[in-house]
Amino acid sequence: MRLKLILYFLILSCYLGIGSARAATLMHGVANTWNSFSDNVSQTWNDPQTFDLYVPAVTWHNRWTYDSDKIDKYNERPWGAGGGISHYDEKGNWNGIYLMAFKDSFNKWEPIGGYGWEKTWRPLADPDFHLGLGYTAGVTMRDNWNYIPIPVLLPLASIGYGSATFQMTYIPGTYNNGNVYFAWLRWQF
């Protein structure tokens, strides 16, 4: 009985030790990610390289996830505008802070602001052509939710030439809710 109890505590100690090491590794990874994120936001804010004009261009409700009577009622022309600042890091990746307002699906004003990051590629011999893939983290407010601030974390993708970039995201959702492709033009000055 005593031997079983000793083995039980030995196994439990090993298990907790391994679990503690994994937890420490996870916490270290989270801390590094947060530090990188906050450093990029700070550098973009303190040392912007360009000023940006945002012009909403397309809202598309995924036809496979909506009833046609809903689609017929929704606005897919997101009139609006916005502004921001951008910074390209030492790896050539885009970092941006932005604020934009546009007409949402119900034709009501929706503001959104936040930070965006994209890994940038220049796959052609022409260095002005660029592609990007990343994310945006921010806050939006909608009329149908009484303009309560709602945090957002969404994917970003882009294709651009020189100072003009067509940037886009997809808002996931459920049937008849969300599942919206949203795109805008971004000009850097």
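Which side chain does the side chain of Ser-86 join in a polar contact? I looked this up in the model, which is predicted. The partner is Trp-94, and the polar contact between the two side chains is 2.8 Å.

**Entry 1: around Ser-86**

I placed Ser-86 next. Ser-86 sits in strand E2, which runs over residues 80–88. Is Ser-86 buried or exposed? Its relative accessibility is 0%, and the cut-off for buried is under 20%, so Ser-86 counts as buried. I then listed what Ser-86 touches, leaving out residues up to four places away in sequence. Thr-44, Pro-48, Gln-49, Thr-50 and Asp-52 are among them. Trp-94, Asn-95 and Gly-96 are on the list too. Arg-186 and Gln-188 complete the list.

**Entry 2: the overall layout**

I stepped back to the whole protein. I found two helices and eight strands. Along the sequence, the order reads α-β-α-β-β-β-β-β-β-β. The protein has 189 residues, and 35% of them count as buried. I also checked how far contacts reach along the sequence. Taking contacts between residues at least 6 apart, 51% join residues at least 24 apart.

**Entry 3: strand E8 and its partners**

Which strands pair with E8? I noted E1 and E7. Strand E1 covers residues 50–61 and strand E8 covers residues 180–188. E1 and E8 run antiparallel and share nine bridges. One of the bridge partners I looked up is Trp-184 in E8, which goes with Pro-56. Strand E7, residues 164–171, also pairs with E8 in the antiparallel sense, over eight bridges. Here Thr-169 has Phe-182 of E8 as its bridge partner.

**Entry 4: the annotated active site**

I turned to the UniProt record. Its "active site" annotation covers His-61, Asp-104 and Ser-105. These residues are spread over 45 residues of sequence, yet they cluster in space, with a largest C-alpha distance of 11.3 Å. His-61, Asp-104 and Ser-105 are included in the lining of the largest pocket.

I took Asp-104 by itself. Asp-104 lies in the loop between strand E3 (94–103) and strand E4 (109–121). Its relative accessible area is 3%, so Asp-104 is buried. Which residues is Asp-104 in contact with, leaving aside neighbours within four places in sequence? They are Asn-75, Glu-110 and Arg-142.

Ser-105 is in the loop between E3 and E4. With a relative accessible area of 12%, Ser-105 is buried. Not counting residues up to four places away in sequence, Ser-105 touches His-61, Lys-73, Tyr-74 and Asn-75. I looked again at His-61. The side chains of Ser-105 and His-61 are joined by a polar contact of 2.6 Å.

**Entry 5: enclosed space**

How many cavities of 30 Å³ or more does the count come to? I found two. The largest cavity holds about 50 Å³ of space. I wrote down its lining. Tyr-88, Trp-94, Glu-118, Thr-120 and Arg-122 are among the lining residues. His-130, Ser-158, Thr-165 and Arg-186 also line the largest cavity. Two of these names were already in my notes: Trp-94 and Arg-186 are both touched by Ser-86.

How values were computed
Residues numbered from 1 in each chain as written. Predicted model: local features only at pLDDT ≥ 70, side-chain atom pairs only at ≥ 80, totals over all residues. Heavy atoms only, no water. UniProt positions renumbered as here; feature names shortened; annotations may be inferred. 1 Å grid on protein atoms, 1.4 Å probe; cavity = no way out; pocket = protein on both sides within 12 Å on 5 of 7 lines; lining within 4 Å. Helix = DSSP H or I, 4+ residues; strand = E, 2+ residues; numbered from the N terminus. Buried < 20%, exposed > 50% of the residue type's maximum accessible area, 1.4 Å probe, protein only. Contact = heavy atoms within 4.5 Å. Polar contact = N/O pair within 3.5 Å; in protein donor to acceptor, adjacent residues only side chain to side chain. Pairing = 2+ DSSP bridges. Points joined across faces, edges and corners; volume = space filled by probe spheres on them.
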